[in-house]
Amino acid sequence: MTETGLQAEALPVDPPVVPAERDLFSKFDPLLAERAALLASGVRDPFAIVMEEVRSPTEAVIRGRETILLGTYNYMGMTFDPDVIAAGERALRAFGSGTNGSRMLNGTFRDHMAAEESLRAFYGMSGAMVFSTGYQANLGVISTIAGKGEYVILDADSHASIYDGCKMGDAEVVRFRHNSVDDLDRRLGRLPKEPGKLVVLEGVYSMLGDVAPLNEMVAVARKHGAMVLVDEAHSMGFYGPNGRGVYEEQGLEGQVDFVIGTFSKSVGTVGGFCVSDHPKFEALRMACRPYIFTASLPPSVVATATTSINKLRDAHDKRRRLWDNARRLHAGLRDMGLRLGTESAESAIVAVILEDQVQAVAMWQALLEAGVYVNMARPPATPAGTFLLRCSLCAEHTAGQIDTVIGLFGEAARLAGALPG
Ligand SMILES: Cc1ncc(COP(=O)(O)O)c(C=O)c1O
């Protein structure tokens, strides 16, 4: 037990022995050995953190210590918005705690319809479908719209949900080099002309926080007759004049066929969605397994999402504060000589690239002990086998909090030997 009595799921010390030849878990031995070696070096498990209290979008209590949150995807700080909370409470009282059913059967409530209506208004598109998570939205849309004999063409650094959508579907999968317009062009050019093709892109790539050259990529996809899906999970709310994402920022209204998004980041709750102007978009509701064969979101969740989306549309002040915060942190970390994922602040994610797992965990732990939580990311989630400390900013961080974080990063980086010279 930890001092506070709270602990994430622990592995049993002496599990019963199963003969290796029929133990389906023996494939996890290298993973368990690596974790054991890491913990034996005296560090905490970066993947077993428990939030004992959450006081605001930027502050929590972890192991009894007040901690600045710099690793959540609460970009717009909507989780404690009074209107959002009130909407959730009203729906909880009016409709109960859950739907007990699929969207296809008894699981579509008034609030699901309202959430889809606000998405249509937010994106200015004719079709919107709410899924139970963003993961399921990618899984469902990609696997359903690209079928046998067709192609999905995806960036090598795509999110796991995009890869899993490809695995679940029957289309041929072609990868191109991360953010390389030329490689996308070359690979599309090698494919037969006739079959349907879906190019899958992300507005912001979540590991390094870099932005895609969507305008060039969409032009290339169009040239080869491919449809385009853009996952704007990490850009909704703060890119583009209406907060629609990087595609809006780069002037691609009307040129992207499908936009995937999530409620788990800027919207501040849980859920996923796809919006589109395709005239037959509604057909997906009858064919998409991750939409059909799962329970729909609780009404309180969709009610909070609707209120949050409606407020995000005009959240110009929050957008400005988020960008100020991202630039402030990026400049502070860059100036102390840390290696970052991008040259300048391209998004609300600032990734610090470290040498190896030992250095990354040492620095992560020093930061946590000093009262700052950041995400540690490691392969296979990261590109090119890198170990990262990923900072994600919130519109509600104060300049004072960012300056404190920069100071603590300096000390942690010195302790972990991550500073140059
Ligand atoms: C690019 C991208 N797409 C989709 C998802 C899945 O979103 P959700 O948390 O709603 O399942 C994530 C989550 O981190 C993501 O980063």
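Predicted model: local features only at pLDDT ≥ 70, side-chain atom pairs only at ≥ 80, totals over all residues.
Which residues in H6 meet which residues in H7? Residues are numbered from 1 along each chain as its sequence is written, and side-chain values use heavy atoms, without hydrogens and water.

**View 1. Helices H6 and H7.** Helix H6 (residues 181-189) and helix H7 (residues 214-223) have axes that come within 10 Å and cross at roughly 10°. H6 is therefore roughly parallel to H7 (angles under 35 degrees). Val-181, Leu-184, Asp-185 and Leu-188 in H6 meet Glu-216, Met-217, Val-220, Ala-221 and Lys-223 in H7, where contact means heavy atoms within 4.5 Å. The residues of this contact divide into 6 nonpolar, no polar and 3 charged. Helices are DSSP runs of H or I with at least four residues, and strands are runs of E with at least two.

**View 2. Two domains.** The domain assignment gives domain 1 (42-76 + 316-416) and domain 2 (82-312); such bounds come from an automatic or database assignment. Their centres, taken over C-alpha atoms, are separated by 27 Å. The contact takes 22 residues from domain 1 and 20 residues from domain 2.

**View 3. The largest pocket.** The largest pocket holds about 640 Å³ of space. A pocket is an open set of points on a 1 Å grid where a 1.4 Å probe fits, with protein on both sides within 12 Å along at least five of seven lines; lining residues have an atom within 4 Å of a point. Of the 37 lining residues, Tyr-73, His-159, His-234, Ser-264 and Lys-265 are the closest to the centre of the pocket. Both domain 1 and domain 2 give residues to the lining, so the pocket lies between them.

Conventions:
Axes fitted to C-alpha atoms, helices over the stretch in contact; angles between N-to-C directions. Parallel < 35°, antiparallel > 145°, perpendicular 65-115°, else oblique. Nonpolar A, V, L, I, M, F, W, Y, C, P; charged D, E, K, R; others polar. Points joined across faces, edges and corners; volume = space filled by probe spheres on them.
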